[in-house]
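Opening the notebook on a new model today.

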Amino acid sequence: MQFSAWEIIKQGLTGNKGWKPHWRDPEPKSAYDVIIIGGGGHGLATAFYLAKEHGITNVAVLEKGYIGGGNVGRNTTIVRANYGLPGNSEFYSHSLKLWEGMEQELNYNTMMSQRHVLNLCHSDGQRDAFTRRANTMLIQGDDAEVLSRRQVRDYAPFLNFDNERFPIRGGLLHRRGGTARHDAVAWGYARGADMRGVDIIQNCEVTGFRIEQGRIKGVETTRGFIGAGKVGMAVAGRTTQVGQMAGLRLPIESHVLQAFVTEGLKPIIPGVVTFGMGHFYLSQSDKGGLVFGGDLDFYNSYAARGNLPAVEHVMQAGMSMVPMIGKARVLRSWGGIMDMTMDGSPIIDRTPVEGLFLNGGWCYGGFKAVPGSGHVFAHLIATGNHHKASTKHLLNRFETGHVIDEETTGAQPNLH
Amino acid sequence: MRLTCPLCGPRDVREFSYRGDAVLTDRPTTPEGFHDYVHIRENPAGPHDELWHHGAGCGGWLKVRRDTVTHEVLSVALAREARS
């Protein structure tokens, strides 16, 4: 399926009845070289890079629902590389570079918009921490600018500078950060993988693994057994359950994170702005809706919907930071299931089962990681070795003490 | 969501803080068990035993059995009594 101005005019004049599906709907074969479980952003990107970078095209992506129906369609679409710790720093830097080349690589408009990410700070200590983080980002080769209070006022005059309880002391501006169109990312990777021979099989739920003498042989699914030389799991929100089928016990708790969108407004918010006191982040979608969210609901949940105290807290934080948004009406809210690890960083590693690989525990940072995660996971599956951008996201790091705890809150997943 | 504190009665969830899986009340007796104790969770989709602290109420630690898919609270007991 190709897009062009001519095609859009032609289809517009003929009732838009000639558009064709972007990918095939194949029956599963009896066996593949590689099976990826999970047809979300990470799984599709993995399949795409397996085919493109490693020439492995006898690949199936198994999705229990439909493509783009999981967390890749339920996030706040923010892309950034402003992490501070070794392990995460080089990984998100790698991922942001892939974001910048994504539209060319996929020949697909993912509406990647580097409209900046601004983190506000409200105390001298927080400003010092941001300065340190900015230096870390610069050393990593990414961009960062520390703004004074006056510079923040010039950049975003609509913020509440008269808040005595949470005064704005400055900010950390990351100009290469921004937002992208989440659904298009899933569709673009799906189309790119499909064009290279990958079978995308929807409505196919994995119900078990066939493991013989410690080696993966294939997966049991609702559409029968499918053999595989290697299997990769990328099942955000169900990592514990799928892992359990292979006998894995994981350092993960699943929590609910809510997000909100208002009615469409004229452009008023230039980029992504985050509040440094209480967790709140705000951006404006290309359709004009304000997109925002905050903290987890704090308790384990698979409900994909949250409770009102978290809603109230997000609204209060938003009103503290940008009082003018109080005039906007919230159109809808939703919750996503976050697989929270014990240190707040993801796991991309082999498992004790030979040939079975794990990509999970993305907490609430999975979207910005999509291209990087797919790229390094494909590298791990194809070569058996970790990509240099992801050598520290190991499954056994909790046992060895090499945790990557950005928030320094310890083994308390709901605080990361 | 409300929790019925055994001492205070039905109270709004905002009065409570969440601590996590109730496995935390079973401290291991050997050093080897501590990795599991600190890091590994069953994380069930369904009934889940968990610890809540009634910080804005009686200050008691509660062991709550709650369905993580529906948020239905199945039982609440004082953690101390639930253990013994």
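I'm working with a predicted model, where local features need pLDDT of at least 70 and side-chain atom pairs count only at pLDDT 80 or more, while totals for chains, interfaces and linings use all residues. Residues are numbered from 1 along each chain as its sequence is written, chains are lettered from A and ligands numbered from 1 in the order in which they are written, and side-chain values use heavy atoms, with hydrogens and water left out.

**Cores.** I looked up the nonpolar cores, meaning sets of buried Ala, Val, Leu, Ile, Met, Phe, Trp, Tyr and Cys residues joined through side-chain atoms within 4.5 Å. Buried is under 20% relative accessible area, exposed over 50%, partly exposed in between (1.4 Å probe, protein chains only). The largest core has 48 residues, and A:L44, A:L50, A:V59, A:W99, A:V185, A:Y189 and A:F367 are those with the most contacts inside it. At least two residues each come from strand 1, helix 2, strand 2, helix 3, helix 6 and helix 9 of chain A. (Helices, H or I of at least four residues, and strands, E of at least two, are DSSP runs numbered from the N terminus.) There's a second, separate core of 28 residues, with A:A228, A:V235, A:L248 and A:L395 among them.

**A:F367.** I skipped its neighbours within four places in sequence and still got contacts (heavy atoms within 4.5 Å) to residues including A:V72, A:I78, A:W99, A:H182 and A:V185.

**Helix 3 and helix 6, chain A.** Their axes come within 10 Å and cross at roughly 50°. Axes are lines fitted to C-alpha atoms, for helices over the stretch in contact, with angles from 0 to 180 degrees between N-to-C directions. So helix 3 of chain A is oblique to helix 6 of chain A; the scheme is under 35 degrees roughly parallel, over 145 roughly antiparallel, 65 to 115 roughly perpendicular, the rest oblique. On the helix 3 side I find A:W99, A:M102 and A:L106, and on the helix 6 side A:V185, A:G188, A:Y189 and A:R191.

**Helix 2 and helix 9, chain A.** Here the axes come within 7 Å and cross at roughly 55°. That again makes helix 2 of chain A oblique to helix 9 of chain A.

**A:G318.** This glycine sits in helix 8 (residues 308–321) of chain A. I log A:G318 as buried because its relative accessibility is 0%. Beyond four places in sequence, A:G318 touches A:F280, A:P323 and A:I325. A:L282 is 36 residues from A:G318 in sequence, yet their C-alphas are 8.1 Å apart.
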